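Dear colleague,

Please find below the structure that I am handing over to you. My notes on what was found in it follow.

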Amino acid sequence: MGMMQEFKEFAVKGNVIDLAVGVIIGGAFGKIVTSMVEDIIMPIVGAIFGNLDFTNLYIALGRVPEGTAPTLAALKAAGVPTLAYGSFITVALNFTIMAFIIFMMVKQINRLKRETPAAPPAPVAPPEDVLLLREIRDSLKR
């Protein structure tokens, strides 16, 4: 069997296609969670901590040129090495929320799978010789 034939069989297996669909949906889901964290959760957390903007939490690791605005974007544009721990906090919160949502989804899917009771097995028909013996017995009783 040629390599192309083997690859074709591998690529059209259900698992590979399911994985591809999962990756695409996961990417879109990741964008939704990122937007939720950056646009909804982090502003609320920032307001609780006194109008704190997590995107501008950083430590400049090099000399800051004069006239450079004290924002993370301006320092990066000026080539100043920075430790952007605010961005890390946002990404860590993203991950935590996404992991929790995926956990809840898997938990619900497992619950739905468990609740489906297995159908009772159909009674097995007795072998033909047993049926014949029963007929003979019933005939003798009459």
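Asp 138 and Arg 137 form a salt bridge, and their closest N and O atoms are 3.4 Å apart. A salt bridge here is a side-chain nitrogen of Lys or Arg within 4 Å of a carboxyl oxygen of Asp or Glu. Side chains of opposite charge can pair when their charged atoms come close. By this rule, the count comes to one salt bridge. Asp 138 is partly exposed, with a relative accessible area of 32%, and Arg 137 is also partly exposed, at 42%. For these terms, buried means under 20% relative accessible area, exposed means over 50%, and partly exposed lies in between (1.4 Å probe, protein chains only).

Please note that this is a predicted model, in which local features need pLDDT of at least 70 and side-chain atom pairs count only at pLDDT 80 or more, while totals for chains, interfaces and linings use all residues. Residues are numbered from 1 along each chain as its sequence is written, and side-chain values use heavy atoms, with hydrogens and water left out.

Helices (H or I, at least four residues) and strands (E, at least two) are DSSP runs, numbered from the N terminus.

Thr 90 lies in helix α4 and is buried, with a relative accessible area of 8%. Neighbours within four places in sequence aside, Thr 90 is in contact (heavy atoms within 4.5 Å) with Val 37, Glu 38, Met 42 and Phe 54. Gly 30, in helix α2, is buried as well, at 13% relative accessibility. Between Gly 30 and Phe 95 there are 9.1 Å in space, C-alpha to C-alpha, although they are 65 residues apart in sequence.

On the surface, Ile 59, Leu 61, Leu 83, Tyr 85, Phe 88 and Ile 89 form a nonpolar patch with about 580 Å² of accessible area together. Such a patch joins nonpolar side chains (Val, Leu, Ile, Met, Phe, Trp, Tyr) within 5 Å, from residues with over 30% relative accessible area and no salt bridge. Areas come from the Shrake-Rupley method with a 1.4 Å probe. Helix α4 (residues 85-115) gives the most to the patch, with three residues. Leu 61 is exposed, at 55% relative accessibility.

Yours sincerely

Methods:
Patch = residues over 30% accessible without salt bridge, like charges linked within 9 Å, V, L, I, M, F, W, Y side chains within 5 Å.
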